[in-house]
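I opened my notebook to get to know a new structure, and you are welcome to read along. Here is what I looked up, entry by entry.

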Amino acid sequence: MTARLRQAVGECLTQSKSEFTEVQEKALQNLVALTKFSPQNRSIVAESDGAITTIAELSKSTSKNIQSLSLSVLFNLSLNDNLKLLIADMETLRHLNSIILAPSSSESGMLAASLICSLAMLDKNKAKFGVSGTIQALVKTLDGPCSSAAHHLLSSLAELVVYHGNSTMAVRSGAVSVLLQVVESTNGEDLGGSSLAILVLLARYEEGINTITNTEGVVSLLVDVLKRRCMLSKEGSAELLLRMLDESEGCLRDAVRLPELSSVLADISVRGSAKAREKANMLMKKMMDANMQSYMDTNPMFYHW
């Protein structure tokens with residue numbers, strides 16, 4: 001069975017180099033089908049002489065179908081952890097950048113972003129993406145018109161900024177303002193929730209949290225997000241607010257001045273998810289402490305005591 005499969009894979013790879021587009025498409029369709037569900041089949045394809053190089057070259061085809069099919073094969077192969085490093089050579093990574101910046105079709109854009117996300121799940125690949133310019137490409141694409149690949153682009157960025165160096169690079173590339181624009185937009189609350197999750201990751205490091213806290217109107221925006229229906233957005237907003245109030249007295253003062261914040265947090269502490277309730281309760285305690293401190297500072301009776 002394995003011998004016949006190896007023979008079939010070899011024939012597909014040979015046909016994928018045909019001068020006839022129809023033959024190439026059929027061969028790639030067969031490879032997509034073979035690698036979609038079976039880890040063993042993926043290994044057999046990857047072990048075939050020159051397979052990954054051949055498929056990566058086909059992803060540069062001017063034919064939209066050939067490009068999409070070859071990207072599909074590469075994505076399927078990338079689902080095997082042991083193949084992620086083999087696929088992620090610098091030339092391929094830079095080619096994926098060029099696709100997400102200027103996709104030949106919406107399908108190729110989504111597939112390229114999904115492949116980046118899959119390859120980035122391997123820690124050894126994270127730094128390679130940073131060096132290849134992928135962070136800048138993702139931020140630039142997200143800063144443009146809303147793309148059908150937006151979910152995939154955000155997932156890729158979220159996976160990459162787990163690495164400290166990539167997080168710093170994202171902040172310096174303008175990711176904070178771009179992500180806050182997505183949060184502010186009403187095009188899709190789930191996109192806003194994903195953006196907030198990335199902002200929470202960026203806020204783990206000094207450069208990220210400083211950029212966020214220094215953004216004008218950010219506290220008011222995050223409080224508005226707490227009123228939305230998307231629970232992922234509520235969780236991200238509450239967690240980010242908590243981090244900001246810990247780090248910035250200015251943000252804490254801005255929050256205390258918002259009269260609706262207490263009622264919003266009270267509502268979440270009752271009707272939110274477990275994570276949202278936890279963060280809301282922590283924020284309520286912080287607000288109460290801040291209000292009490294403010295009262296003590298302005299009431300001379302406390303100095304008498």
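Entry: I began with Lys 60, which counts as partly exposed at 32% relative accessibility. I kept in mind that this is a predicted model. Lys 60 forms a salt bridge with Glu 57, and their closest N and O atoms are 3.2 Å apart. Glu 57 also counts as partly exposed, at 42% relative accessibility.

**Entry: other charged pairs.** How many salt bridges are there by this rule? I noted a count of 13. One of them joins the side chains of Arg 6 and Glu 47, at 3.5 Å from N to O. This pair links distant parts of the chain, with Arg 6 in helix H1 and Glu 47 in helix H3, 41 residues apart. Arg 6 is partly exposed at 40% relative accessibility, while Glu 47 is exposed, with a relative accessible area of 53%.

I then looked up Glu 260 and Lys 227, whose side chains meet in a salt bridge of 3.6 Å, N to O. Here too the partners come from distant parts of the chain: Glu 260 sits in the loop between helix H18 and helix H19, and Lys 227 in the loop between helix H16 and helix H17, 33 residues apart. Glu 260 is partly exposed at 26% relative accessibility, and Lys 227 is partly exposed at 46%. I also found that salt bridges with shared partners join Glu 57, Lys 60 and Glu 91 into one network.

**Entry: helix H4.** Why is helix H4 largely enclosed by the rest of the structure? I saw that six of its eight residues, in the stretch 51-58, are buried, so the rest of the structure largely encloses it. The buried ones are Ala 51, Ile 52, Thr 54, Ile 55, Ala 56 and Leu 58. Their cover includes helices H1, H2, H3, H5, H6 and H7.

**Entry: helix H12.** In H12, residues 164-172, I found Asn 166, Ser 167, Thr 168, Ala 170 and Val 171 buried. The buried residues of H12 pack against H9, H10, H11, H13, H14 and H15. After H12 comes Gly 174, with a positive phi near 90°.

**Entry: the largest pocket.** I noted a volume of about 260 Å³ for the largest pocket. It is lined by 17 residues, and the closest to its centre are Leu 142, Gly 144, Cys 146, Val 182 and Asn 187. Helices H10, H11 and H13 each supply at least two residues of this lining. By class, I listed nine nonpolar, seven polar and one charged residues there.

Definitions and conventions
Residues numbered from 1 in each chain as written. Predicted model: local features only at pLDDT ≥ 70, side-chain atom pairs only at ≥ 80, totals over all residues. Heavy atoms only, no water. 1 Å grid on protein atoms, 1.4 Å probe; cavity = no way out; pocket = protein on both sides within 12 Å on 5 of 7 lines; lining within 4 Å. Points joined across faces, edges and corners; volume = space filled by probe spheres on them. Helix = DSSP H or I, 4+ residues; strand = E, 2+ residues; numbered from the N terminus. Nonpolar A, V, L, I, M, F, W, Y, C, P; charged D, E, K, R; others polar. Buried < 20%, exposed > 50% of the residue type's maximum accessible area, 1.4 Å probe, protein only. Contact = heavy atoms within 4.5 Å. Salt bridge = Lys/Arg side-chain N within 4 Å of Asp/Glu carboxyl O.
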